[in-house]
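Visitor: I have not looked at this structure before. Please take me through it by question and answer.

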Amino acid sequence: MSDYINIALPKGRLGEKVYSLFESIGYGCPDLLDGGRKLIFENPQNKVRYFWAKPSDVAIYVERGAADIGVVGKDILLEYSPDVYELCDLGFGKCRMAVAGKKGVRIPTDKKLRVATKFSNIAWDYYSKQSRDIEIIKLNGSIEIAPLLDLSDVIVDIVETGTTLKENGLEPFETICDISARLVANKSAYKFKSENIDKLLAATMGFVSEKQR
Amino acid sequence: MSTEKNVFNRDELLIMDLRMLYEAYGYKKFKMSKFEKYDLYLENKSFLRNGSIITVTDPKGRLLALKPDITLSIVKNIPAVSLPEKVYYTENVYINDSDIGEIKEVTQVGLEYIGDLDIRALSEILILAAKSLEIVGDYRIAISHMGFFTEILDNVNLNEGVKGEILKLINNKNLHGLRLLCDKESVDEKIASRLLGLINICGNLKNSLENAEKLVCGDISKFAIQELKSISETIDKFNLSDKFILDFSVTNDMNYYNGLVFQGFLNGVPKNVLSGGRYDNLVHRFGCDKSAIGFAVYPELLGLLNYKKDELDYEVFILYASECEPYKVLELQNKIIKNGERCIALDKEVVGLKYGRKIVMNPDGSIVNE
């Protein structure tokens, strides 16, 4: 059992995309896409075990060794800084972390800026680099309504196409950083399973650079 | 099956074994007082594993700290004569755990070798690190050398914040992140490729030295490689080579650590259980011109290892009839205990009792082994 590679996949669209990458490089697992409520799948032929986890939890499973490798968004890595190796940028789930606010409204500079966000650490780091004093209002979802209800002046959130913002009369002002899906690995597992993990990594990187051409 | 092995839990047994190992190699036990002045840790904050220090005020109003570290106390008190100083310790350290928002008390077992360090001494430390982990199970030791980093980063025109970011990216083997940062900060291409090259070196020590040699670019890295080669040859004689990995993602604060740095891992434990390095710079700060190297082990992390599912509660279960004479039952208990087995005597069956064998005592005192 310990010569298996344990992979944590984020539940949802991204996870399915990542799985088809792994499947095409030889790490497929027959029952995985069968649907149903099963959460752990193994393939004794290629010695790989997958399980589905909430996207924001994948990094915890990898950090604590329940999974050897996992795929997680750069936003989660920046927000929680898990102690893991970040081995590869998979290039999918591309979006960006941005500051957004009501369209056409000036950001106040004469008082403490109120920032509503799910990503309090990212917001904090970004503004402290600008030596800007802020008040963080931590929300868990639908962050876009905060400035509309005057709960905050701006928001820090993930922006993909910008359509959600536009439909709510908001616009992105500044890009904080680019986000995409990353392959992460447990630092201890990497010492004992380096051959298998390196093989998977090489095949993954090969696939990713092919796709980028 | 000796009683010791069953009564003491895994980390207590490890501590006992480590103490015997270190005494055998000539290290003497160091005992420290509970409270050092807060200033000691404040002035050397980046030497600490975890930056936040827990303070207490004494009756005279002085600010003291619950010790987060032992090495600083040892280095502070290096005797002028009687070097080399070879000490080991078993102490509790106190850290602020930001994850769970609590203060944690953690047992730390470690040793320090202060004096002149030749290849023999450096190898002794690494062999002791290996033996420390071997006691528990399958292990690996990842070795690196700060010389490669100081040589590159001391001569590059970047601010401390960026240098810190570079080291963090190297710690996480983040090749693409490092590439982006070097581009953003317009780092010279030769330097960038050297840093990226360091991340790529990760493999068995003996076999990776050749690749590491290609990254030598000055006297400091040349000396570092020589040191690594000599150490590799030495530990190879003890058949330890396949446990040692050359891994430059292992780094430590450049202000204190100037040479070998290393981490130890156990198969099944998600974080490193052992951490060590050569910290001459710290010793020099305290006005001593000698060298120093040491490491620390965190036995409580062993709690993360999977426990064997068939662990027994007791070796023997005595089921005695209530009419039995009490002294006869107790006599039988003593006999079994003298044998080194754990024993429980009850006058009725209990559900879920995990025992090795059962002895039934009849009212007349006769026993039946089941």
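This is a predicted model: local features need pLDDT of at least 70, side-chain atom pairs count only at pLDDT 80 or more; totals for chains, interfaces and linings use all residues.

Visitor: What share of the residues in chain A is buried?
Guide: Among contacts in chain A with a separation of 6 or more, 67% are between residues 24 or more positions apart. Chain A has 213 residues, and the buried share of them is 48%.

Visitor: How much area do chain A and chain B bury between them?
Guide: The size of an interface is often given as the accessible area lost when the parts come together. Here 18 residues of chain A are in contact with 19 residues of chain B. Carbon and sulfur atoms hold 58% of the buried area, and the total is about 1,400 Å².

Visitor: Which residues in chain A lose the most area to chain B?
Guide: Three residues together account for 43% of what the chain A side buries. They are A:Glu86, A:Lys191 and A:Phe192.

Visitor: Which side chains meet in a salt bridge across the interface of chain A and chain B?
Guide: Side chains of opposite charge can pair when their charged atoms come close. The rule finds 1 salt bridge across this interface, along with 10 residue pairs in polar contact. With N to O at 3.4 Å, the salt bridge is between A:Lys191 and B:Asp247.

Visitor: Which strand and which helix of chain A each supply at least two residues of the side that touches chain B?
Guide: By class, that side of chain A has 6 nonpolar, 3 polar and 9 charged residues. The elements asked for are strand S5 (85–89) and helix H7 (187–192) of chain A.

Visitor: Is B:Lys173 buried or exposed?
Guide: B:Lys173 sits in the loop between helix H7 (160–171) and helix H8 (175–184) of chain B. Beyond its neighbours within four places in sequence, its contacts include A:Tyr85, A:Glu86 and A:Tyr190 from chain A, and B:Cys202 and B:Asp247 from chain B. Its relative accessible area is 5%, and the cut-off for buried is under 20%, so B:Lys173 is buried.

Visitor: How many residues apart are B:Glu36 and B:Lys76, which form a salt bridge?
Guide: The closest N and O atoms of B:Glu36 and B:Lys76 are 3.0 Å apart. B:Glu36 is buried at 9% relative accessible area, whereas B:Lys76 is partly exposed at 38%. B:Glu36 belongs to strand S2 (residues 35–37) and B:Lys76 to helix H4 (residues 71–76) of chain B, and the pair links distant parts of the chain, 40 residues apart.

Visitor: Why does the pair of B:Lys358 and B:Glu370 tie together parts of chain B?
Guide: B:Lys358 and B:Glu370 form a salt bridge, with the closest N and O atoms 3.8 Å apart. B:Lys358 is buried at 12% relative accessible area, and B:Glu370 is exposed at 61%. Because B:Lys358 lies in strand S15 (residues 355–361) and B:Glu370 in the segment after strand S16 (367–369), the pair ties together parts that are 12 residues apart in sequence.

Visitor: What other residue meets B:Lys358 in a salt bridge?
Guide: The N to O distance of this salt bridge is 2.4 Å.

Visitor: How far apart in space are B:Asp11 and B:Thr107?
Guide: B:Asp11 is in helix H2 (residues 10–24) of chain B, and B:Asp11 is buried at 16% relative accessible area. In sequence, B:Asp11 and B:Thr107 are 96 residues apart. In space, C-alpha to C-alpha, the distance is 9.4 Å.

Note on methods
Residues are numbered from 1 along each chain as its sequence is written. Chains are lettered from A and ligands numbered from 1 in the order in which they are written. Side-chain values use heavy atoms; hydrogens and water are left out. Contact means heavy atoms within 4.5 Å. Buried area is the accessible area (1.4 Å probe) that two parts lose on being put together, summed over both. A salt bridge is a side-chain nitrogen of Lys or Arg within 4 Å of a carboxyl oxygen of Asp or Glu. A polar contact is a pair of N or O atoms within 3.5 Å; within protein, one must be able to donate a hydrogen and the other to accept it, and residues adjacent in sequence count only if both atoms are side-chain atoms. Helices (H or I, at least four residues) and strands (E, at least two) are DSSP runs, numbered from the N terminus. Ala, Val, Leu, Ile, Met, Phe, Trp, Tyr, Cys and Pro count as nonpolar, Asp, Glu, Lys and Arg as charged, and the others, Gly among them, as polar. Buried means under 20% relative accessible area, exposed over 50%, partly exposed in between (1.4 Å probe, protein chains only).
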